[in-house]
Structure formats: C-alpha cells, structure tokens
Amino acid sequence: MAAEFNPQTLLEAARRFGRLNLPPVELCIARESDGVVRVHDRLRGYSVALTPEEWVRQHFVEMLIAKLGYPPAMMANEVGVELNGTSKRCDTVVYSPRGLRPLAIVEYKAPSIRLTQKVFDQIVRYNMVLRVPWLMVSNGLRHYCCRVDYDGRRVAFLPDIPPFTSLES
C-alpha cells in the first residue's frame, strides 16, 4: 500500500535532508510501524526507505516528469546491469518509446556528496553496458547532463537537463 501524503512527515524529511536545487514536490512519505520513514516511489510502485540519496532521486524524477515531460512509463529505477561479471544497479534509466531502448542513465548522490570524477566514472562504467547517448548526475544541489557522441568520440556537457522530446533528436 502506498503511503499517503503527510505534510508533517514531508516537513520533517525536508528539515532532515535539507533543501534541494529542484522544484518542490508532494511526496507520499510515512513513518511505518517499524519506525522506518518510507517514500512511495511511483516508478517502482512501492515504498522504499527514505535516505538522502532517495530524497534526491524522488525530487529529480518528479522534475523530469512534471517540468520536462518525461513519461513515467518510459522510466525505471534501480535497473540491474552486469558489468565484468558483477551485478550493478543504475539509479534511473530513461527509455525510448521506439523499441524501449535505453536513452539515458541518471545517477544520484546524497546532497552531502560532491560530484567528483569518481561519480562520473561510475556512470560511465554503467554506460559501457547500456551505451546510452545521455548521462545525468545530480546530488540535488548540482546537476550535470552530457551527450555522448559515439561516432565523433566526444562528450558535450549541456547547460540544462533537456526535455524528453530532445532525447531522440
């Protein structure tokens, strides 16, 4: 069962995890009987423990959907990939409506984590498997997006996260 929107619990979470450089959202957050605060993840369809990284993920996903037109049906959280015989998970993968091929990988970090070369190396490793043209990284305070040009062997950073309609152009 999904948690219901609880403004008090949302305020507690906002105080605990801090303000983000993302639009405000109404998340369904509840403290469950085991004492764990959980947030309903609309992409996974169930509630998950609310961690600082999850706080960023939920805000970023809602921004992609509400502000940039990303269809929830074309997105998935915690997508498994196998890399050099090891199971890994991409935080979010965005798919094309044409053939459901992956278009973008999004990697999230907690707001306290600096977005260093190590973070970009992680998403690049995932991309060795999926070979998507778009990579996005966010800690909720800073956001980066780059387009990978495989033919030209270049990576171009964009000033903003593109709308969904731009991903296949």
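Reply: The model is predicted. In it, three strands make an open sheet, ordered S1-S2-S3, with antiparallel pairing. Strand S1 (29–31) and strand S3 (46–49) are the edge strands, and each of them pairs on one side only. Neighbouring strands in this sheet are turned by 35° against each other on average, direction ignored.

Start with S1 and S2. Three bridges pair them in the antiparallel sense. Together S1 and S2 form a hairpin, and five residues lie between the two strands. Gly35 sits in that turn, with a positive phi of about 90°.

Now the other pairing. S2 covers residues 37–41, and four bridges join S2 to S3. These two strands also run antiparallel. Two of the partners can be named. His40 has Ser47 as its bridge partner in S3. For Val39, the bridge partner in S3 is Val48. S2 and S3 form a hairpin too, with four residues between the strands. In this hairpin, Gly45 takes a positive phi near 85°. So much for the pairing.

Next, what covers the sheet. S2 is mostly covered, with four of its five residues buried. Helix H2, made of residues 52–68, lies across S1, S2 and S3. H2 runs at about 30° to S2.

Now the wider setting. The protein chain has three helices and nine strands in total. Along the sequence, the pattern reads α-β-β-β-α-β-β-β-α-β-β-β. The radius of gyration is 16 Å, close to the 15 Å that the globule rule gives for 169 residues, so the protein chain is as compact as a globular protein of that length. Along the principal axes, the C-alpha atoms fill a box of roughly 50 × 35 × 30 Å. Of the 169 residues, 46% count as buried. Contacts give a further view. Among those with a separation of 6 or more, 47% are between residues 24 or more positions apart.

One more element deserves a look: helix H3, residues 117–130. Its 14 residues should span 20 Å at 1.5 Å a residue, and the end C-alpha atoms of H3 are 20 Å apart, which agrees. The buried residues of H3 are Val119, Phe120, Gln122, Ile123, Tyr126 and Asn127. These residues cover an arc of only 155° around the axis, which puts them on the same side of H3. The spacing rule behind this is simple. An α-helix has 3.6 residues a turn, so residues three or four places apart point the same way. On the other side of H3, Gln117, Lys118 and Met128 are exposed.

After H3 comes Arg131, whose phi is positive, near 50°.

Back to the sheet, in brief. The order is S1-S2-S3, and the pairing is antiparallel. S2 is mostly covered, and H2 lies across S1, S2 and S3.

Conventions. Residues numbered from 1 in each chain as written. Predicted model: local features only at pLDDT ≥ 70, side-chain atom pairs only at ≥ 80, totals over all residues. Heavy atoms only, no water. Pairing = 2+ DSSP bridges. Axes fitted to C-alpha atoms, helices over the stretch in contact; angles between N-to-C directions. Contact = heavy atoms within 4.5 Å. Buried < 20%, exposed > 50% of the residue type's maximum accessible area, 1.4 Å probe, protein only. Expected span 1.5 Å × (residues − 1). Arc of directions from axis to C-beta. Rg over C-alpha atoms; globule rule 2.2 N^0.38 Å.
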